[in-house]
Amino acid sequence: MPHTDTDPLDLLLLPTWLVPVEPAGVVLTNYALGVRDGRIALIAPRAEAAQYPARETRELSGMLLAPGLVNAHGHAAMTLFRGLADDLPLMTWLRDHIWPAESKWVDEAFIYAGSELAIAEQLQSGITCFSDMYFFPEVVTQLVHKHGVRAQITIPVLDFPIPGARDADESLRKGVALFDDLKHHPRLNIAFGPHAPYSVADDKLDSIRTLVAEMDIGIHMHVHETAHEVEEAISKHGERPLARLARLQLLGPRFQAVHMTQVNDEDIALLVEHNCSVIHCPESNLKLASGFCPVERLWEAGVNVGIGTDGAASNNDLDLLGETRTAALLAKAVAGSATALNAHRALRMATLNGARALGLEEHTGTLEVGKFADMVAFDLSRLAQQPVYDPVSQLIYSSTRDCVRHVWVGGKQLLDDRKLTRIDEERVIATAKEWGERIGSRK
């Protein structure tokens, strides 16, 4: 039987501040949020909410309740390569270190251990939804299902053999099969992840275009990550990578352009025309000296910009709150304006914008009645955060992921007072250390 408003809530949360993200710029004080059947059923002043019975009530004194963070780009299992090849240029890092290490070590056991480590780290960082672009995607889907998080899993496609697929055609076949298996899963979305314009030929991109049109799923791709990539594309194809993708009809509302550090007016016009999203990865771009994504210019043009950590091999953490702070500060320097990407917009980029990029904005990314109860409680009561004038500014500019206290996904609590509820943290750490010893001994 359907529930009525008189049925008990499963959970009633009483935070000091509630930031729904939509409407923009709003901070609610003395409000309550109620959850029923995994979805947000009530947002109301505390006095009004008191009339609703609840099976569990949590007082969140000194805490800011916000939508769960959305990590819109990463390579989860690469946590096991964290710190393996630091302080190197992108193509040296990739071709001389990461690709050889992947060839030697990446198998299903590697993916399982590294992805579980990544999921645990992301939950402790307030991330309730992540996009993963890596090998053996079927293994990651098992972990997402098991541990209760939300994710977009992208099917890796490259022109050469990769772990788990002999060629691009096999990757595509496996991707279609995985989509068919999971298309009704409440927390899992499948997308195609052609690695980059320079690593996937036109015929394979044509195949992807045909498949995504039939399946109505996203395309997630590294694009314009470095100046060298753009220069090489112009030399080889006579056009910029984004223009080539437009000619091949890959661009559209479900296209997720990751990095975009090299952007001119024509690029922005294409992004706007096709309603594409950009995924900004500032710390990876800084560390690899790849360049600066002009976030403010994109935002002002109307381009949806989400944020991602990238993989731990090039960042080196999965701390989206820290990433968002870096993004806000960097945006000001790049734009030459202290008003660029203010704290409220930065939080929006890390929540709703990321959800929109992944095609999940109807389900997550804001605290609104009817959406899934994907939420994080940030503790702003500690010494280094006092006094609190604007809690959102305090969150973005004064807080670290250590302030993440509680996390819920679909109303299920996955982090309780900083303790993982479904993952054995000590076991995950021990397994990661074992892998580190094996890889490090053969480095």
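## H222 in strand β10

In this predicted model, H222 sits in strand β10, which covers residues 219-223. H222 counts as buried because its relative accessibility is 6%, and buried means under 20%.

Setting aside neighbours within four places in sequence, H222 is in contact with H73, H75, M133, P194, H195, A196, P197, E229, V258 and H259. With H75 there is also a polar contact between side chains, at 3.5 Å.

An unreviewed UniProt entry lists H73, H75, H222 and D310 under "binding site". These residues span 238 residues in sequence, yet no two of their C-alpha atoms are more than 12.0 Å apart, so they gather at one spot. Of these residues, H75 and D310 are included in the lining of the second largest cavity.

D310 is found in the loop between β13 (304-307) and α12 (320-335). D310 is buried, with a relative accessible area of 4%. Apart from neighbours within four places in sequence, D310 is in contact with H73, G74, H75, H259, C281, S284 and L318. The side chains of D310 and H75 are joined by a polar contact of 3.1 Å.

## The annotation with E102

Another "binding site" annotation from the unreviewed UniProt entry covers E102, H195, E225 and D310. Of these residues, D310 is included in the lining of the second largest cavity.

E102 belongs to helix α2, residues 90-105. E102 counts as buried, at 6% relative accessibility. Not counting residues up to four places away in sequence, E102 touches M78, F81, Y134, F135 and P163.

Note on methods: Residues are numbered from 1 along each chain as its sequence is written. This is a predicted model: local features need pLDDT of at least 70, side-chain atom pairs count only at pLDDT 80 or more; totals for chains, interfaces and linings use all residues. Side-chain values use heavy atoms; hydrogens and water are left out. UniProt positions are given in the numbering used here, feature names are shortened, and annotations may be inferred rather than shown by experiment. On a 1 Å grid over the protein atoms alone, a cavity is a set of points where a 1.4 Å probe fits but cannot get out, and a pocket is an open set with protein on both sides within 12 Å along at least five of seven lines; lining residues have an atom within 4 Å of a point. Helices (H or I, at least four residues) and strands (E, at least two) are DSSP runs, numbered from the N terminus. Buried means under 20% relative accessible area, exposed over 50%, partly exposed in between (1.4 Å probe, protein chains only). Contact means heavy atoms within 4.5 Å. A polar contact is a pair of N or O atoms within 3.5 Å; within protein, one must be able to donate a hydrogen and the other to accept it, and residues adjacent in sequence count only if both atoms are side-chain atoms.
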